[in-house]
Amino acid sequence: MKRMAGERLILALDVEPPEKALGLARRLAPYVGTFKIGPALVLAGGPAFLDTIKALGKALFLDLKLYDIPETVARTTRQAAASGADFLTIHVAGGARMIGAAREAAGDRVKLLGVTVLTSFNQDELEREWRMEEPIADRVVFWAKLATESGAHGVVCSPLELPWIREMLGPKILTVVPGIRPGGGAGDDQRRTLPAKDAIRLGADFLVVGRPIVAADSPEAAAEAFGREIAEGGG
């Protein structure tokens, strides 16, 4: 089913305290389809904050990047599902048994997204710190395949790996792409980026944008601009 441009925009609410995040969410609800909440805001706001965000009528994305033994991840996944989350991230490096346990715990209540290689990493860092000599794209595609075969509904990857993921895994796998920056420039800790319209053209289902919107002089205007870019890309 074709989604409207705004529905494909996920806003990363990476701000504290919760009162500030909630005010921003209320202002930007007309422009986005999903609010992404990370560990800092989950801990700061607690269940009541998540309930208030859900009441805005948008999808709730818990970006917890779970990585632990299967039983622990399963228990946390059940709690995430009970919170009303629509999306939950787990790290593919946790392996097939962990992903499978999470999927069993999730049932049909929450969509699991397997995090592959963070967009803050570049090839040099992976070679130096992970002793990984294969190209990033090869590792991302391998993990994407492992994630989906183990029960995940989709993956989180940079826009640069999208062509290979689509070629290998087809159109049905959900692809969530963070680190989107205006014009594709990094300018912060994001390394593997592209403009929104290019990521959509390469096969992204959803785009995650945080600082370029929340730190803008007019967050509403920035969110609206990203919506236009998504539409230009075919969203």
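This is a predicted model: local features need pLDDT of at least 70, side-chain atom pairs count only at pLDDT 80 or more; totals for chains, interfaces and linings use all residues.
Colleague: Let's begin with the rings. How many aromatic pairs does the structure hold?

Modeller: Two rings pair if their centres lie within 6.5 Å. By that criterion, the count for the structure is 2 aromatic pairs.

Colleague: Is the pair of Phe61 and Phe87 stacked, tilted or edge-to-face?

Modeller: The ring centres of Phe61 and Phe87 are 5.8 Å apart, and the angle between their planes is 40 degrees. Stacked needs under 30 degrees and edge-to-face over 60. The pair is therefore tilted.

Colleague: How many residues apart in sequence are the parts that Phe61 and Phe87 tie together?

Modeller: Phe61 belongs to strand E3, residues 59–66. Phe87 belongs to strand E4, residues 87–91.

Colleague: Is Phe87 buried or exposed?

Modeller: The relative accessible area of Phe87 is 9%. Buried means under 20%, so Phe87 counts as buried.

Colleague: And what kind of pair do Phe87 and Phe206 make?

Modeller: Here the ring centres of Phe87 and Phe206 lie 5.7 Å apart, with the planes at 65 degrees. An angle over 60 degrees is what the class requires, so this pair is edge-to-face.

Colleague: Which strands does the pair of Phe87 and Phe206 tie together?

Modeller: The two parts are 119 residues apart in sequence. Phe206 lies in a strand that spans residues 206–209. Because Phe87 and Phe206 each sit in a strand, the pair connects E4 and E8.

Colleague: Which residues form one aromatic cluster?

Modeller: Phe87 pairs with Phe61 and also with Phe206. Phe61 is buried at 2% relative accessible area, and Phe206 is buried at 5%. The cluster consists of Phe61, Phe87 and Phe206.

Colleague: Which residue lies over the face of Trp143?

Modeller: A charge sits over a ring if, among other things, it is within 6 Å of the ring centre. At 5.1 Å from the ring centre of Trp143, the residue over its face is Arg139.

Colleague: Now to His153. Where is it found, and which residues does it touch?

Modeller: His153 sits in the loop between helix H6 (136–149) and strand E6 (154–156). His153 is buried, with a relative accessible area of 19%. Leaving out residues up to four places away in sequence, its contacts are Arg103, Val110, Lys111, Leu112, Ile173 and Leu174.

Colleague: How many salt bridges does a search of the whole structure find?

Modeller: One of them joins the side chains of Lys65 and Asp63, at 2.8 Å from N to O. Searching the whole structure gives a total of 11.

Colleague: What separates Glu149 and Lys145 in helix H6?

Modeller: Their side chains meet in a salt bridge at 2.5 Å, N to O. Glu149 is exposed at 57% relative accessibility, whereas Lys145 is partly exposed at 37%. Because they are 4 residues apart in helix H6, the separation is about one helical turn.

Colleague: Is Arg201 buried, partly exposed or exposed?

Modeller: Arg201 meets Asp198 in a salt bridge at 3.6 Å, N to O. Asp198 is partly exposed at 26%. The relative accessible area of Arg201 is 51%, and the class needs over 50%, so Arg201 is exposed.

Colleague: Which residues do salt bridges that share partners join into one network?

Modeller: Lys65 is partly exposed at 33%, while Asp63 is buried at 8%. The network joined through shared partners is Lys36, Asp63 and Lys65.

Methods
Residues are numbered from 1 along each chain as its sequence is written. Side-chain values use heavy atoms; hydrogens and water are left out. Rings of Phe, Tyr and Trp (its six-membered ring) pair if their centres lie within 6.5 Å; planes under 30 degrees apart count as stacked, over 60 as edge-to-face and the rest as tilted. Buried means under 20% relative accessible area, exposed over 50%, partly exposed in between (1.4 Å probe, protein chains only). A charge sits over a ring if NZ of Lys or CZ of Arg is within 6 Å of the ring centre and within 35 degrees of the ring normal. Contact means heavy atoms within 4.5 Å. A salt bridge is a side-chain nitrogen of Lys or Arg within 4 Å of a carboxyl oxygen of Asp or Glu.
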